[in-house]
Amino acid sequence: MTYSERLQNRPESAVHMESLYEQIGGAETIERLVYAFYPKVYAHPELIPLFPEGVDEIRAKQYLFLTQFTGGPMLYTDRHGFGNMRSVHEQFQITPARAEAWLTCMREAMDEIGLEGFPRQMLFQMLTNAAHRFVNSPQGGETEPPN
Ligand code: HEM
C-alpha cells in the first residue's frame, strides 16, 4: 500500500487535527470571552481614552475575529473583508503599557470564564505576540494630544 493510500485508509480520528477553536470550546467560549473582556477594557484607566464608542460594535467584531484567529470559520473576513490588524491599530497610540493593560484584561477575562490548560496558554501566547506587534508609540505617550 502506498503512503497516500495508507493516509486515506486511516480512521477519521487519526487524521483530524483539532483546531484551537475546537479545543477552547468554539463559539460559546469565544462569546463568553468577549463578554467578559470588554467591561474590563472599558474600565481600565490606560485603555478608556482609546475606546470612546459603545461596546457593542467592537465586541461583535472581536467575536468574529477571534473565531477565525483560532482556526474557526472565517467570519471576520466574510463580514469585513481582509483586514490587516496591525494597520487597523496604527491610528491608535499603543504604548507598551497599553498593550500590557489589554493583555491583563484578557488574562482576567480568561480567569473569569474558566478557560484553562494548554488551549488557554496557546491563545494567550498568540494574543501576546499580536499585542506586542501592535505597539507603535514609546512608553509615556499615553496622554492624547489636545484638540
Ligand atoms: C495591544 C493592545 C491593544 C489595544 C490598545 C487595542 C485597541 C483597539 C482599539 C482602540 C480598537 C478600535 C475600537 C473601536 O473602533 O471602537 C481596536 C479594534 C480591534 N482590535 Fe484591538 N487593541 C489591542 C490589541 C488587539 C489584539 C491583540 C487583537 C487581536 C489579535 C485585537 C483585535 C482587534 C479587532 C478585531 C478590532 C476591530 C477591528 C475593526 O474595526 O474591524 N486588538 N483595538
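Me: Before we get to the helix pairs, what are the axes and angles here?
Reply: Axes are lines fitted to C-alpha atoms, for helices over the stretch in contact, and the angles between N-to-C directions run from 0 to 180 degrees. Keep in mind as we go that this is a predicted model.

Me: Ok, so at what angle do helix 8 and helix 9 pack, and how far apart are their axes?
Reply: Helix 8 and helix 9 pack at about 165°, and their axes lie 10 Å apart. Because angles over 145 degrees count as roughly antiparallel, helix 8 is roughly antiparallel to helix 9. The crossing of helix 8 past helix 9 is right-handed.

Me: Which residues meet there?
Reply: From helix 8 the contact takes Ala99, Trp102, Leu103, Met106, Arg107 and Met110, and these meet Arg120, Phe124, Leu127, Thr128, Ala131, His132 and Phe134 of helix 9. Sorted by class, this contact of helix 8 with helix 9 has 9 nonpolar, 2 polar and 2 charged residues.

Me: And helix 4 against helix 8, what's the geometry?
Reply: The axes of helix 4 and helix 8 come within 8 Å and cross at roughly 130°, which makes helix 4 oblique to helix 8. The crossing of helix 4 and helix 8 is right-handed.

Me: Which of its residues are buried, and what covers them?
Reply: The buried residues of helix 8 are Arg98, Ala99, Ala101, Trp102, Cys105, Met106, Ala109, Met110 and Ile113. What covers these buried residues includes helix 4 (26-41) and helix 9 (117-134).

Me: Switching topic: where is glutamine 62?
Reply: Glutamine 62 sits in helix 5, which runs over residues 55-69.

Me: Why does glutamine 62 count as partly exposed?
Reply: Glutamine 62 counts as partly exposed because it has 19 C-beta neighbours inside 10 Å, whereas a buried residue needs 20 or more.

Me: So what is buried in helix 5, and what does it pack against?
Reply: The buried residues of helix 5 are Leu64, Phe65 and Leu66, and the buried residues of this helix pack against helix 4 and helix 6 (75-80).

Me: What span should helix 5 have, and what does the model give?
Reply: At 1.5 Å a residue, the 15 residues of helix 5 should span 21 Å, and its end C-alpha atoms are 20 Å apart, which agrees. Just after helix 5, glycine 71 takes a positive phi of about 95°.

Me: Last one, how many helices and strands does the chain have?
Reply: The chain has 9 helices and 0 strands, and buried residues make up 16% of its 147 residues. Among contacts between residues at least 6 apart in sequence, 78% join residues at least 24 apart.

Definitions and conventions:
Residues numbered from 1 in each chain as written. Predicted model: local features only at pLDDT ≥ 70, side-chain atom pairs only at ≥ 80, totals over all residues. Buried ≥ 20, exposed ≤ 12 C-beta atoms within 10 Å, placed from the backbone. Helix = DSSP H or I, 4+ residues; strand = E, 2+ residues; numbered from the N terminus. Contact = placed C-beta atoms within 7 Å. Parallel < 35°, antiparallel > 145°, perpendicular 65-115°, else oblique. Left-handed = near helix turned anticlockwise from the far one by under 90°. Nonpolar A, V, L, I, M, F, W, Y, C, P; charged D, E, K, R; others polar. Expected span 1.5 Å × (residues − 1).
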